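Biologist: I would like to learn how to read the features of a model like this one. Please start with the strands and then move to the helices.

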Amino acid sequence: MLLGLTIYAWITVFVVITIFSLLIFTKLPAEFVFLAGIGVFLLTGVLDAEAALAGFSSTSVVVIGVLFVVVAGMEHTGFLQWIMRYVLGTPSSLNKAIVKLMLTVASLSSILSNTTVVAMFVNVVKMWGKRLNIPPSKLLIPLSYASGMGGICTILGTPPNLIISGMYAEQTGEHMNIFVTTIPGLFCLAVGILSILAMQRLLPERKAPEEVFANTEDYTMEFLVPSDSKYIGSTLGDAGLIKVQGGQLLEVIGFDKEVVSPVTKDMVVMGGDRLVYCGQINDLIALRESHGLMSTVNKVFAFSKDKKDRQLHTANVRFNSPLVNCRWNEAKIKGTEDVSLVAVSRHGERLCEVPAEIELHAGDTVLLEYSPKAKYIERNLQRSLEFFDDEEVLTRTGWPTVVSSLIMLGMILLSSLNIMTLLQSSVLAALLMVIFRCCTPQQAMRSINWNILMIFASSVVLGSAIQNTGLAEMLANVVVGFCDSNPLLLMFAVCLVATFTTEFVSNAAAGAMFYPIVYQAATSMGCDPFPFLIALMISVSSSFATPIGSPTHMLVYGPGGYRFTDFVRIGFWMNLIILAANIFIVNVLWPVI
């Protein structure tokens, strides 16, 4: 025993600190970090094999996995698209637009994945904002905030709710109703919407990143190889046309209109070829003079997504991307060799350097060119980039939309009326989605995000380790002593720490970690832990102050052209406001004093 803790408890402390440090300061995949932590628990004897693998068979984790399939059925039948097309409308002011958007998104996020809803809404909100003459940056932060606040309104709205309620059921044998968080969640949502309206001046007005890519003449030049050029028959490498000062060769458009991109140094130069370069315009003009090239009268290269031979795509660099602080050509990522980097935008301003020589930062927007046939590229780069193209949203609606909606409604009713458990009703709903062809078996399997499931399962195991080693009891005693055995002060202290902890780690991990501490502290005070756990559910999903506090924040960060401080300026106050609203409404419904 050292300072009242066993060696196993100290190993758990070390693992928890190491996991959080690696998540914050490295680019290692979160699922790898969590699984490595479980490996340490298993090898050191902190947990036996059964306990170490218990998270993967946890009811709450299985429910999350099955819900991916249910959401896929809703998505592929056009449910979200129907909502986006007919519900948002044309509000007459920014305030009305914010209210309508947040209420719509919160409603959907209460039953669907927050990340899915935001991903589906990002491009629609950008187009909607342009139609309303409202900068998208004024709407995308409220979009992300609403998804988080809507998610806390039901047990199945966000993973921490499922995990905490699942751990509570396993410990007490009592199952929480699916709508147990609805009233406190709606109250916090109302307070949140009013707060956004009151602080709307703090919402930044940023230029959409893709706007700077609209005019390709600002960053590309197109040259024609004349029929009498001395370089005809030479390779691009020998002619000195592939690596040039101040620019890079993006593609070659042959005289027969065939497009080659990306190009290689061994490609032979032909008369009538069009050479498309990007980079610094002055240096490229010098290249034209030195190599006897001709300026084209009618440019073929343009910002277009419907070309048969090539496509341009916008994407944002993720915060944990291996591309961060790296140049495109130096990145050792499968897929980059088949992609041409055309331009880079940072904070809504295009960088005028040679794209391939730019050191990329988290949140940068990149313009990429690759063949539409190379579908594997986006899959390979999915961990590094978040693709967002302003394409029209499909509106394939009809009877399948109605069927998928009825299946979802039936799942909720069966669970809330205690006719079936949430696991049983969600499994039934997933099967019906496939049987009625709301989604194919292949689409159902692809919809399951195994990386996220690994994180959720590992979070449950992390919570078990904290509880089984006695660490939760020790921390609970410290918290109780600090709070002078005052239940209200205990709730405030735990929720405050949880709210700001989840700014840096996943909300599922925060919920699993704090659950045993909160439960133990409440029972040691002689209080019912139930209201403390409801307050904890809301707290771990109330992270507004940093763009890394939630996956949904990262989804809107690049498309909104935001800076890190944009979230801090309004999100810090939102954290405190929702914290106060949370403590207030929980104690109105379930007084702890």
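Modeller: Two strands count as paired if DSSP finds at least two bridges between them. The elements themselves are DSSP runs, numbered from the N terminus: helices are H or I runs of at least four residues, and strands are E runs of at least two. This is a predicted model, in which local features need pLDDT of at least 70 and side-chain atom pairs count only at pLDDT 80 or more, while totals for chains, interfaces and linings use all residues. Residues are numbered from 1 along each chain as its sequence is written, and side-chain values use heavy atoms, with hydrogens and water left out.

Biologist: How many residues lie between strand 3 and strand 4 in their hairpin?

Modeller: In general, strands of a sheet pair through backbone hydrogen bonds, either parallel or antiparallel. Here, strand 4 (residues 259-260) is joined to strand 3 by two bridges, in the antiparallel sense. The hairpin leaves five residues between the two strands, and lysine 257 in the turn has a positive phi of about 75°. Isoleucine 253 faces valine 259 of strand 4.

Biologist: Which other strands pair with strand 3?

Modeller: Valine 244 lies opposite glycine 247 of strand 3. Strand 5 (residues 274-279) also pairs with strand 3, antiparallel and over six bridges. In that pairing glutamate 251 is opposite valine 276 of strand 5.

Biologist: Is strand 3 buried or exposed?

Modeller: Burial is read from relative accessible area: under 20% is buried, over 50% is exposed and in between is partly exposed, with a 1.4 Å probe and protein chains only. In strand 3 (residues 247-253), seven of the seven residues are buried, so the strand is largely enclosed by the rest of the structure. Strand 1 (residues 220-224) is mostly covered, with four of its five residues buried.

Biologist: Which strands are joined to strand 1?

Modeller: Strand 5 is joined to strand 1 by five bridges and runs antiparallel to it, with arginine 274 opposite leucine 224. Strand 6 (residues 294-295) is also antiparallel to strand 1, over two bridges. There, methionine 294 is the bridge partner of leucine 224.

Biologist: What is the strand order in the open sheet of five strands?

Modeller: The order is 9-8-10-7-11, with antiparallel pairing. Strand 9 and strand 11 (385-387) are the edges, each pairing on one side only. Strand 11 is joined to strand 7 (residues 311-317) by three bridges, and asparagine 316 is opposite glutamate 386. Glutamate 349 counts as partly exposed because its relative accessibility is 48%.

Biologist: Where does lysine 265 lie, and which residues does it contact?

Modeller: Contact means heavy atoms within 4.5 Å. Lysine 265 sits in the loop between strand 4 and strand 5. With neighbours within four places in sequence left aside, it contacts Thr235, Leu236, Gly237 and Ile242. The C-alpha atoms of lysine 265 and threonine 235 are 6.4 Å apart, although 30 residues separate them in sequence. Lysine 265 has 55% relative accessibility and therefore counts as exposed.

Biologist: At what angle do helix 8 and helix 10 pack?

Modeller: Axes are lines fitted to C-alpha atoms, for helices over the stretch in contact, and angles run from 0 to 180 degrees between N-to-C directions. Under 35 degrees counts as roughly parallel, over 145 as roughly antiparallel, 65 to 115 as roughly perpendicular and the rest as oblique. Helix 8 (residues 137-151) and helix 10 (residues 182-198) pack at about 165°, with axes 10 Å apart. The two helices are therefore roughly antiparallel.

Biologist: Which residues make the contact between helix 8 and helix 10?

Modeller: Helix 8 contributes Pro142, Tyr145 and Met149, which meet Gly185, Cys188, Leu189, Gly192 and Ile196 of helix 10. By class, six of these residues are nonpolar, two polar and none charged. In this scheme Ala, Val, Leu, Ile, Met, Phe, Trp, Tyr, Cys and Pro are nonpolar, Asp, Glu, Lys and Arg are charged, and the others, Gly among them, are polar.
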